[in-house]
Every structure is written in C-alpha cells, then in structure tokens.
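The sequence and structure are shown first.

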Amino acid sequence: MSKPKVKTEISPKGIFVYPSLNRPDTKFDADGVYSVKLKLPEAEAAELVTKIDDAISAQVKKTAAEFAAEGKKGKVKRADAPYTVDEEGGTVTINFKMKASGKRKDGTTFTQKPGLKSSKADPDTKQPMNIPEDTIIGGRPIGKVAFTVSPFYTAPVGAAVTLRSHDVQLYSLV
C-alpha cells in the first residue's frame, strides 16, 4: 500500500527570526534541527493560521476516534500551535523546523538540509537559483518557506502539528 501524497504549502513572504539554516542546532537534539521563525503581519498570516488550527482540530478528532475504537476513555489534549500571536505588535510568528539526521522506522539513517533558493531566477531555466552553502544567513532576512503540515500525537504533549520546512526562498540577506 502506498503512502498518501503530502501537500507542500508555501508561506507568505515575511521576516526570518533567528534562522538556523546553515548549521543544524544541536542544543536540544543531538541529531540536529534546522529551524526558522517567520514573522508576518496578522492579516497576512490569517489564512495560514486557520490551516494550522484546522489541522490540529482534525488530529484531535482522529486521535479521539482511535481512543474510542480502542476503548480508552478521556479527553484528547490539544497541544500548543506552532505559532505565537503578538497582539500588541499585530504580528504572528510561525515556527518551521527540519531534522538534520535521524533513523527511519526501517532502521536506515538519513541526513537532510533545507534547500536555499534566491528570489532571482536563473536566466536559462527561469527557476530560482540555489544559494551557495557557505552563505551566512543571519540578521533578519526576508523570505518564504516551503513546508508540509505533519500531524502527531504523544501522551505528554497531546494532539498537534509540526511544520516541516523543505526549501527556503530568500528575497534579501542581511
């Protein structure tokens, strides 16, 4: 049986806050995690926030149905969403991440890193050009994130989603 195809989403253009796109962060995970926080005005983030909330609600319902089928009782806890709202500033900060390496269920290992693309198109292919790996991405660059919504459930955290980044398109480097 084949796995269902996962839909890749693309975020609106926003400001990257504390991007870790060149080197994985190993502070809390020895395998490393690439991450970026995307800061958007509330109005531009509204559609994406609705999609995230809908995905979390769907995971809560799915987990509750699985509990009922197994005869478990109790309410399914809803975990925190992968975004924060700053009502005073009128912004939403959305968290995206990607594991740098790990082990699959079949025991094989993997390594991966986010694709870094420029907003400038290659004159021949009209596709975004790759950014050299040694380019330091710091400060507050502007860009978009290509990602998938990955639902999960764990007993301590509850039902939630994580936003798994794939490619990043940069419009300005600082």
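## Contacts of Ala146

Contact here means heavy atoms within 4.5 Å. Leaving aside neighbours within four places in sequence, Ala146 is in contact with Thr8, Glu9, Ile10, Arg164, Ser165, His166 and Asp167. Ala146 is found in strand S10, where helices (H or I, at least four residues) and strands (E, at least two) are DSSP runs numbered from the N terminus. Ala146 is buried, with a relative accessible area of 15%; buried means under 20% relative accessible area, exposed over 50% and partly exposed in between, with a 1.4 Å probe and protein chains only. Ala146 and Phe96 are 50 residues apart in sequence, with their C-alpha atoms 9.5 Å apart in space.

## Basis of the model

This is a predicted model, in which local features need pLDDT of at least 70 and side-chain atom pairs count only at pLDDT 80 or more, while totals for chains, interfaces and linings use all residues. Residues are numbered from 1 along each chain as its sequence is written, and side-chain values use heavy atoms, with hydrogens and water left out.

The predictor's confidence in each residue, pLDDT, runs from 0 to 100. The chain has a mean pLDDT of 88, and 94% of its residues reach 70 or more. Confidence is lowest in strand S9 (residues 128-130), at a mean of 75, and highest in S5, at 96.

A nonpolar core is a set of buried Ala, Val, Leu, Ile, Met, Phe, Trp, Tyr and Cys residues joined through side-chain atoms within 4.5 Å. The largest such core has 28 residues, and those with the most contacts inside it are Phe16, Leu21, Ile52, Ile94 and Phe96. Helix H1 (42-70) and strands S2, S3, S5 (91-99), S10 (142-154) and S11 (158-172) each supply at least two residues of this core, and H1 gives the most, with eight residues.

Beyond its neighbours within four places in sequence, Ile94 is in contact with residues including Val36, Leu48, Ile52 and Leu163. Thr93, in strand S5, is buried, with a relative accessible area of 16%. Not counting residues up to four places away in sequence, Thr93 touches Lys37, Leu38, Lys39, Pro82, Tyr83 and Thr84.
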